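Look over the sequence and the structure before reading on.

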Amino acid sequence: MTQPLSNQSEPAKAVVVAIDGPAASGKGTLSQRIADAFGFAHLDTGVLYRAVGVAVLRAGGDPADTAAAARAAYELHPEHPILREVALRTDEAAQAASKVAAVPEVRAALLDFQRRFASHPPGGAPGAVLDGRDIGTVVCPDAQAKLFITASVEVRAERRLKELQRRGIPAISSDVLEDMKSRDARDSQRAVAPLRPAADAFVLDTSALDADQVFSMAVAHIGSKTGLKPTA
């Protein structure tokens, strides 16, 4: 019997890899490397929250103010120039992002943005890698592969300190550690979409691993879930 034309022409479903984890866990660098290896599109969802936070600050507002944060979130779109600004990589932007991420209206506004990217990766890519803090639990709970990248707070604070020093930004070790603890508490205790591993996520503690070891373990997990191998 001839199959219905609708089934024959239905496009292949994009493969989605969800990568979550706390600040300075190394998930961003790992996500880009995985996307490159598999030929997938990559979305650093933290950039979206940083953009909202920076937009609120530039308007003279408080990132914790629900109305101001929600307004900035609804004005964000994929072609918005703020998404390409270097200012989004500052520690000030990171702190603002953590605050706006606790606002339910902001998370709702950015949810559709992220899901569209996952279901229709740009450039015709066969899959997408999304990294953030609630990808596996809220944004893409049906992702084929989920990873939760973490490390001890002391190790992550040391990584952040070195990053700041490489950029020529003065920083004190104890201050960076306290900031990291504050962000962890805010991210894990927020009422909406708190930071936590999905029940079916592969939890990878990178405290004692180098970048190549983490990459190999992540690729092995993705391969076990999707049957895919790196193409590059």
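Q: Which helices do the buried residues of helix 5 pack against?
A: In this predicted model, they pack against helix 3 (45-58), helix 4 (66-75), helix 6 (104-119) and helix 9 (173-189).

Q: Why is helix 5 (residues 91-100) called largely enclosed by the rest of the structure?
A: A residue counts as buried when its relative accessible area is under 20%. Seven of the ten residues of helix 5 are buried, so the helix is described as largely enclosed.

Q: Which residues of helix 5 are buried?
A: They are Ala93, Ala94, Gln95, Ala96, Ala97, Ser98 and Val100.

Q: What makes a residue part of the lining of the largest pocket, and how many residues line it?
A: A lining residue has an atom within 4 Å of a point of the pocket. For the largest pocket, with about 1,100 Å³ of space, 46 residues form the lining. Ala24, Gly26, Lys27, Gly28 and Thr29 lie nearest the centre of this pocket.

Q: Which helix gives the most to that lining?
A: Helix 8 does, with six residues. Other elements that each supply at least two residues include helix 2 (27-38), strand 2 (41-44) and strand 3 (127-132).

Q: What classes of residue line the largest pocket?
A: Asp, Glu, Lys and Arg count as charged, and the lining has 20 charged residues, along with 15 nonpolar and eleven polar.

Q: How do the residues lining the second largest pocket divide by class?
A: They divide into ten nonpolar, four polar and three charged. This pocket holds about 300 Å³ of space, and helix 6 brings the largest share of its lining, three residues.

Terms used. Residues numbered from 1 in each chain as written. Predicted model: local features only at pLDDT ≥ 70, side-chain atom pairs only at ≥ 80, totals over all residues. Heavy atoms only, no water. Buried < 20%, exposed > 50% of the residue type's maximum accessible area, 1.4 Å probe, protein only. Helix = DSSP H or I, 4+ residues; strand = E, 2+ residues; numbered from the N terminus. Contact = heavy atoms within 4.5 Å. 1 Å grid on protein atoms, 1.4 Å probe; cavity = no way out; pocket = protein on both sides within 12 Å on 5 of 7 lines; lining within 4 Å. Points joined across faces, edges and corners; volume = space filled by probe spheres on them.
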